[in-house]
Amino acid sequence: MVPKLRWGLYRNLRCLPITQPLAIRSHALVTAARSFDKMTTTASVKPKTKLVKTKTRLSDLPAIKLGPDGLPQKALEAWDETDVPPKRSKLKTVRAAKAPSDGTSSPAISCSKAELELLQDAIRQGVIPDTPLAHEVYLNWKRFPDCILLTRVGKFYESYFEPARYLASILSLSLAEKKYGANEAKRSYPFAGFPVPTLDKYLKILVQDLGHTVVLVEEYDTEGAVAHTGRKLTAGSGPKERRVYRVVTPGTMVDESWVDTDQSRYLLAIAVGNKGHNGQELSLAYTDASTGEFFTKDTTVSQMEDELARITPREVVLDNSLYESWRKHYNCSEMKPKDASQVEELLALLRVLGVKVSFADPCRPPLLYTSASSPTLHPTTPEENAAALLQHHLQYALRESMPALRQPHKQSNSAFMQIDAATLQALEIRHAFRPGGLIATGETQINSSPLSAKGTLLSVVSKTITSSGHRLLIRTLTAPSTSPDVINSRLALVQAFVDREDLKTELRHELKELGDIMRIIQRFRGQRGTGRDIWDVGRWIRGAQRILETIKGEIKIEVGRNNVEVVRKSEGITRLQEFVDSFRDLDRVASKIESSVDESAIMFRSGDDKSIIDEQEAGDALLTSQASSKESEAEEKQRIKREKDEREMSEWWIRPQFSPALQLRHDELIALKAEAQKLQTSLIKKYDTPTLTIEKNHRFSYHIQMSAKDAEKVAKARSLERIGSTTGKTAYFAYAPLAELGTRIEIMIEYLGAAQRRAARELQNMVVEQSDIIQQNSELVDELDLSLSFAQNAVEMNWVRPILDNSTELQIINGRHPSVESSLLSASRNFTPNSTHMASDTHLHVITGPNQGGKSTLLRQTAVIAILAQSGSFVPAEYVKMGIVDRVFSRVGARDDLWRDRSTFMLEMVETAGILRHATERSLVIMDEIGRGTTLQAGVSIAYATLDYILENIKCRTLFATHYHELGQMLGYNPKRAGGEVIKGRSGITFWCTDVDEADGAFSYSYKLRPGINYNSHAIKAASIAGMPESFLRVAESTLVTLQSKAKFNTLPSSH
């Protein structure tokens, strides 16, 4: 009888969920077996009826166990009498790193014949030990030789052998060693690692800060479940295989916690096309893997630096055919090899800019070392080639979580204002160069420079609320529209909010409730995401609906307040109604999520891996009265019990009503828990132990607890086996019927968990099916956020609505530079505005004046106003009317580029050449101090030739600041014209200048523009402000007087 009972019990215990700790299952087996031994020590003892009942109930347990995918698991092996219970394992202290496993639980990794020979050679030479885990690590090391390899082993990510030494050195980890082998053959092998929860921290260092590529090898169990990256171990126990889960590169970040959501992280693929009349043609395809944004564009090698400055990719993907050329010149110090082709120029540019470069095959999918196969692509055009490169690299990096690429947005040069790299830097659109400053906080690359976001145009105008709205602002400022319809549509929406302050304020408040919806959708597309993500989708839809209702309410009020004719002519009401009508209805999706998801369970912080005793939730201190008395022991127990029940219920965040199958599992689990409660009541009554409770923990699984006093009453109860410590206030007991009931509860929890996972997948798939509509509504919300930001600027800084047309004129009355004005206002100083009037016969302005007199500011503010206007923003001026600008060019400031062997003068010439080659009649050009850095005669000659070329060949709107007064005579300047009148010279040219106001030996800069030429640079006055020594200033003054008296370097016209 005894062996039969033991077999039935052991067979049942083997059905315990594999998520149970090994020690628990082993202890339950040994304890129950001991109790049966006591019941059968003498032949006179008749088995109790309860044992027969227990045996019957065991046979009623489910015969199969479902996996996470809802499918039955593999059946248990046939019973073997030699099979013995597993030994109880002791809990070990978590350390910074642990020794390599012997690999007995890891199946052999599949490999080619060549890899097998390589592996065998490594074993013979003692490079690695002969264990399954070492085999896996070594093969992955050789498959990814240029990467940091991190292998998941239980609760750690580890690196082994020689790579471990490098990893330990760059991350400051402890390097440990493990000996393997017998006697004289014993060797020591290095390893290093860190706990799983710290993965994000080290990924940020390795990938973002140091620019490495990291290969994550995860553990998978027989169900195909993975222990999710950076989370606690969720896969079951038992044999596991390991395979590459992700290859983390700078351009393939998806949901890392440290990624800045205000910035797009573009992965850019470049495909080489044919040679055209503008040079080597290229096709670009770039995407943000975390949001799904996907764009394509055609360009040339000569424009590639400008495209890189605009896109700012985190990683570039090239064709594999260029790999050898890349490696050949990787450490070349020249900008480009001599007699280099334009493709080699492209590679040289990428090397100089320090961008991360990867390679892929556009035709063949990447080798993933899995049984899964991918279709072979057959791109026929350069654009398809670029898209294929992008897709294959994403597949290589994201693997199983690779989302499908959407249809790309084709970008055209004619649809956007082109701003070259030099202009983006000179105008400080996104970044400002602060010499001598600290590295900007945030992301730092290997080739970083002292760049700062403070004081940039972006920092001044950004009043966006959402992360996606901020990303749209960046794209808009770096590539404004050239379509009057698009620009005027946004301006009309901005005007509507400027005229309705209350509506603007309320909408900006409601935007704060909206999350980054497209990042969530992208996680769903990649088979990732959590229950909170599903709930956030519903919240986002409801938040968008509230925004629409707010706008509709405003429209209704204004329609009721005005007559039909006024409403019909109201641009604001019309534009708001168009905006509302553009939204697509998603009420069905939100309703389904709300009816399916339990909000309280989603919001309740999970505490599965933490102790529930003495744990304070975030925000509890705010609601806790300091005067409250200390809770009693009974109150503490009640609180702990209540919190435990709440945590258990929070696991089931999908409502039972979602489906009949889910409802059935919930009902069955409730029935089993009711049975456990009934069992507890009966035991209390039977033994007269009021403190007896049924509990479950990681140590004893399902067991009985009672006070030490009550434990004395059951000391002779043969069905209760004392476990754990025999001292203390609480006694613990094992009880066979409870063990059987606990097994049934755990199996039902597994069933319920599988049913909930299937329901979650259904909800995610439902959201993905509506992703196109969600994306459309998301883009409208981003447009709303951007327009509200522009409206806020207009109200706070007194900006005006620009008027745009298709002419080539530019009229700015009292324009201001937004960044400079913001800085002056913070110091309680006022900005001096200036006006600019350009027409077909006055499109080129020559500006002279003293150093530090405001010439460069005037040039920059004109370009910035044009960019803001075509971005759909109001502008800092009293009045602006301008024709659409197709390109903005600048040649401002003095700097060099030593890495590319360009002196200050050479860099100036390169940028000027780019302007003269690419500017059109509709362009806006600002040029400051052309011809400096060489002799006076050569500099004047270059400056004159530049102006002459613009006048004769381009005829674009140009602001030209210079200290070469000789240009006035050369361009037809007549100083005898009446003061205050616009002074014209050669056809198309006008002359303007700034000046210095002097009184009683003191001076100040007027900053105000007036007609004419200022022949005095007042350079020595600027030197005095800079703090030059008095002796220096005296020598400079006397030298200047001497030179002028001898008529040397005299630049005054002969008529003077």
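# Close-up views of a predicted model

**View 1. Strand β4 and its two antiparallel partners.** Strand β2 (residues 156–160) and strand β4 (residues 187–195) run antiparallel and are joined by five bridges. As background, the strands of a sheet pair through backbone hydrogen bonds, in either a parallel or an antiparallel way.

**View 2. An open sheet of four strands.** Reading across this sheet, the order of the strands is β20-β24-β21-β22, and their pairing is mixed. Which strands stand at the edges? They are β20 and β22 (834–838); each has a single partner strand, so one side of each is left without a neighbour in the sheet.

View 3. Three residues, Ile803, Ile813 and Tyr879, form a nonpolar patch on the surface, and together they have about 230 Å² of accessible area. Ile803 belongs to strand β20 (residues 803–805). Is Ile803 buried, partly exposed or exposed? With a relative accessible area of 40%, Ile803 is partly exposed. Asn814 is also worth a look: its place is in strand β21. The phi of Asn814 is near 50°, a positive value in a residue other than glycine. Asn814 is buried, with a relative accessible area of 17%.

**View 4. Two loops between named elements.** Glu428 lies in the loop between α12 (421–426) and β14 (432–433). Although Glu428 is not a glycine, it has a positive phi of about 55°. Its relative accessible area of 24% makes Glu428 partly exposed. Now turn to Leu514, found in the loop between α16 (501–511) and α17 (517–525). Leu514 is buried, with a relative accessible area of 8%. How far apart in space are Leu514 and Arg542? From C-alpha to C-alpha the distance is 9.2 Å, and the two are 28 residues apart in sequence.

**View 5. Lys410 and its two salt bridges.** The whole structure holds 40 salt bridges, and this view shows two that involve Lys410. In one of them Lys410 pairs with Asp298, the closest N and O atoms being 3.0 Å apart. That pair links distant parts of the chain, with Asp298 in strand β9 (residues 294–300) and Lys410 in strand β12 (residues 409–411), 112 residues apart. Asp298 is partly exposed at a relative accessible area of 39%, and Lys410 is partly exposed at 45%. Lys410 also forms a salt bridge with Glu383, where the closest N and O atoms are 3.3 Å apart. Glu383 lies in helix α11 (residues 382–398) and Lys410 in strand β12, so this pair ties together parts that are 27 residues apart in sequence. Glu383 is partly exposed as well, with a relative accessible area of 29%.

**View 6. A salt bridge between Arg801 and Glu571.** The closest N and O atoms of this salt bridge are 2.9 Å apart. Where do the two residues lie? Arg801 is in the loop between α28 (771–797) and β20, while Glu571 is in helix α20 (residues 571–581), so to speak a link between distant parts of the chain, 230 residues apart. Both are partly exposed: Arg801 has a relative accessible area of 25%, and Glu571 has one of 38%.

**View 7. A salt-bridge network and an annotated span.** Arg891, Glu908, Glu911 and Arg932 are linked in a network of salt bridges. Residues 923–939 are listed by UniProt, in an unreviewed entry, under "domain: DNA mismatch repair proteins mutS family". In the model, the end C-alpha atoms of residues 923–939 lie 25 Å apart. This span is 24% helix and 29% strand.

Methods: Residues numbered from 1 in each chain as written. Predicted model: local features only at pLDDT ≥ 70, side-chain atom pairs only at ≥ 80, totals over all residues. Heavy atoms only, no water. Pairing = 2+ DSSP bridges. Patch = residues over 30% accessible without salt bridge, like charges linked within 9 Å, V, L, I, M, F, W, Y side chains within 5 Å. Areas by Shrake-Rupley, 256 points an atom, 1.4 Å probe, with all protein chains shown as cover. Salt bridge = Lys/Arg side-chain N within 4 Å of Asp/Glu carboxyl O. Buried < 20%, exposed > 50% of the residue type's maximum accessible area, 1.4 Å probe, protein only. UniProt positions renumbered as here; feature names shortened; annotations may be inferred.
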